[in-house]
Amino acid sequence: MTTATKARQPILKTSLPGPRTRAIMERDAQHLSTSYVRPYPFVPDHGEGVWLSDPDGNTMLDFFAGIAVSTTGHAHPHVVKAVQEQVTKFTHVCLSDYPQEITTSLAERLVKHVERPGEKWRVFFGNSGAEAVEAAVKLARNHTGRAHIISTMGSFHGRTYGAITLTGSKTKYKRGFGPLLPAVSHVPYPNPFRPPLGSTPEACGQAVLNHIRELFVGVIPSDEVAAIIVEPMQGEGGYIVPPADFLPGLRQLCDEHGIMLIYDEVQAGMGRTGKMFSYQQFEQYGEVQPDIITVAKGIASGMPISALLAKESVMTWPVGSHGSTYGGNPVAAAAAHATLDLIEGVVKHPGCGESLMQNAADVGAYLLSELKAMQSEFPFLGDVRGQGLFIGLEFVKPDGSPDGALRDRASTAIFERGLLNLDCGEAVIRVSPPLILTREDAETGLEIMREALRGLS
């Protein structure tokens, strides 16, 4: 006779924060930059898989993965081994000056996910998503000889100067930092739950495309536009999935006017949606292939590395025109290789099927279905949306408008029950756990969320 084992649960030994955590937070408040947000009283001390513990022994289930970064969870043995082995060889020899096998092979692995017959791609390695975005803008302007960049409202592309100019999610990122990058415009993002420009959920993608065309008639000369940059699935703006016809239409519009199409895959890429890159979810609806892709966050399970992928026909900037001292660091590259092993299924993670990419699709579909079912019990969940382990829950008032205050209460209640989470958009909680999340751990997270939401009713 066998007895069923009980699913692992959060362990809350103290109130949050506990005394050791509180002491560290007090020191942090005295010595670190005033720009840090600190939304939750939690200090990570050590982790294992999808579980993260503080110095007081409180262990939390991780449903945000360091903002979609910890692809393989915490301290994954395959990633740890790869990092340890590379450290014993060398930790830095500037990639801008010396080629290295570990980054060459990493580039080869990445481009295999985007190249087509007769179409070669190249890779530039940096340190962060913002750095990749900065490089993308430089490349697009250099290649086209044009200056203007079009971005979207609700977007997040980073907080360096060029990146915050492109960002359209929160004014606090820009207030007091001007003047910013010149020749940048923003257009609405096609959000089916809140259709812009007086459109409908079904027509909002075409409405945005028509809006861009109108700008080309009276505001921005199309032959001065170097690139349109867009998140194929919008992250910080609210975990929004656009309508199926938007990216094919955007690709066609860019082709009509000789404009580079840049996809920011920093948050939604690297297997999170069930495909290597989120734009690939739309390939069944038409041609969506971009000219440039920015990648970071989940590429190396927390080690700092980013990648700018571009068609060889586009990556035409001259020798020495762009570089990075630390970009493509070999230790981070080793972590990226190990992460790809698990995403692609070269190495299997116990309980996660053939690959983490497939696991994200399968467990994500289960989570999305269960969270949608909660809407009947909790009318304030106005929208539940997403793809794979890229899911957003939007909180609304009775009149349907965003309810940020209720979202904040829900987020706190969920945290206090042992589930790490993070908000985004005006009134959204994002669900972006490590891709090693099993259905069993997903069920634990769902029960915590139900309990917390019932406390709000």
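Which residue of β12 does V384 stand opposite? In this predicted model, V384 stands opposite L393.

On its other pairing, β12 runs antiparallel to β15 and is joined to β15 by four bridges. Here E394 stands opposite V428, a residue of β15. Strands of a sheet pair through backbone hydrogen bonds, in either a parallel or an antiparallel arrangement.

Taken together, these strands belong to an open sheet of four, ordered β11-β12-β15-β14, with antiparallel pairing. The edges are β11 (381-387) and β14 (422-424); each has a single partner strand, so one side of each is left without a neighbour in the sheet. From one strand to the next the twist averages 30 degrees.

How many of the residues of β12 are buried? Six of its six residues are, and the strand is mostly covered. In a regular strand the side chains alternate between the two faces of the sheet. For β12, F390, G392 and E394 are on one side, while I391, L393 and F395 are on the other, and both faces are covered.

Helix α11 (residues 404-416) lies across β12, β14 and β15 (428-431), and it runs at about 40 degrees to β15. A405 belongs to this helix. With a relative accessibility of 53%, A405 counts as exposed, because the cut-off for that class is over 50%. A405 is 44 residues from A361 in sequence, and their C-alpha atoms are 31 Å apart in space.

Eight of its eleven residues are buried, so α4 is largely enclosed by the rest of the structure. The buried set consists of I102, T103, S105, L106, A107, R109, L110 and V111. An α-helix has 3.6 residues a turn, so residues three or four places apart point the same way. The elements that cover the buried residues of α4 include α3 (77-87), β4 (121-126), β10 (306-311) and α9 (330-344).

Aromatic contacts come next. A pair of aromatic rings is described by the distance of the centres and the angle of the planes. The structure holds nine aromatic pairs. In one of them, the rings of F124 and W317 have centres 6.2 Å apart and planes at 70 degrees, so the pair is edge-to-face. F124 lies in strand β4 and W317 in the loop between β10 and α9, so this pair ties together parts that are 193 residues apart in sequence. F124 counts as buried at 14% relative accessibility, and W317 counts as buried at 14%. Strand β4 and helix α9 are also among the elements that cover α4.

F156 and Y173 also form an edge-to-face pair, with 5.4 Å from centre to centre and 70 degrees between the planes. F156 is in the loop between β5 (148-152) and α6 (161-166), and Y173 is in the loop between α6 and β6 (184-187), so the pair ties together parts 17 residues apart in sequence. Both F156 and Y173 are buried. Elsewhere, Y263, F277 and Y279 form one aromatic cluster. A charged residue also meets a ring: R439 lies over the face of Y366, at 4.0 Å from the ring centre.

The cysteines remain. How many disulfides does a search of the whole structure find? The search finds zero. For C204, the nearest cysteine sulfur is that of C424, 18 Å away, and C204 is in no disulfide. C204 is buried, with a relative accessible area of 0%. C352 counts as buried too, at 3% relative accessibility.

Technical notes:
Residues are numbered from 1 along each chain as its sequence is written. This is a predicted model: local features need pLDDT of at least 70, side-chain atom pairs count only at pLDDT 80 or more; totals for chains, interfaces and linings use all residues. Side-chain values use heavy atoms; hydrogens and water are left out. Two strands pair if DSSP finds at least two bridges between them. Helices (H or I, at least four residues) and strands (E, at least two) are DSSP runs, numbered from the N terminus. Axes are lines fitted to C-alpha atoms, for helices over the stretch in contact, and angles run from 0 to 180 degrees between N-to-C directions. Contact means heavy atoms within 4.5 Å. A disulfide is a pair of cysteine sulfur atoms within 2.5 Å. Buried means under 20% relative accessible area, exposed over 50%, partly exposed in between (1.4 Å probe, protein chains only). Rings of Phe, Tyr and Trp (its six-membered ring) pair if their centres lie within 6.5 Å; planes under 30 degrees apart count as stacked, over 60 as edge-to-face and the rest as tilted. A charge sits over a ring if NZ of Lys or CZ of Arg is within 6 Å of the ring centre and within 35 degrees of the ring normal.
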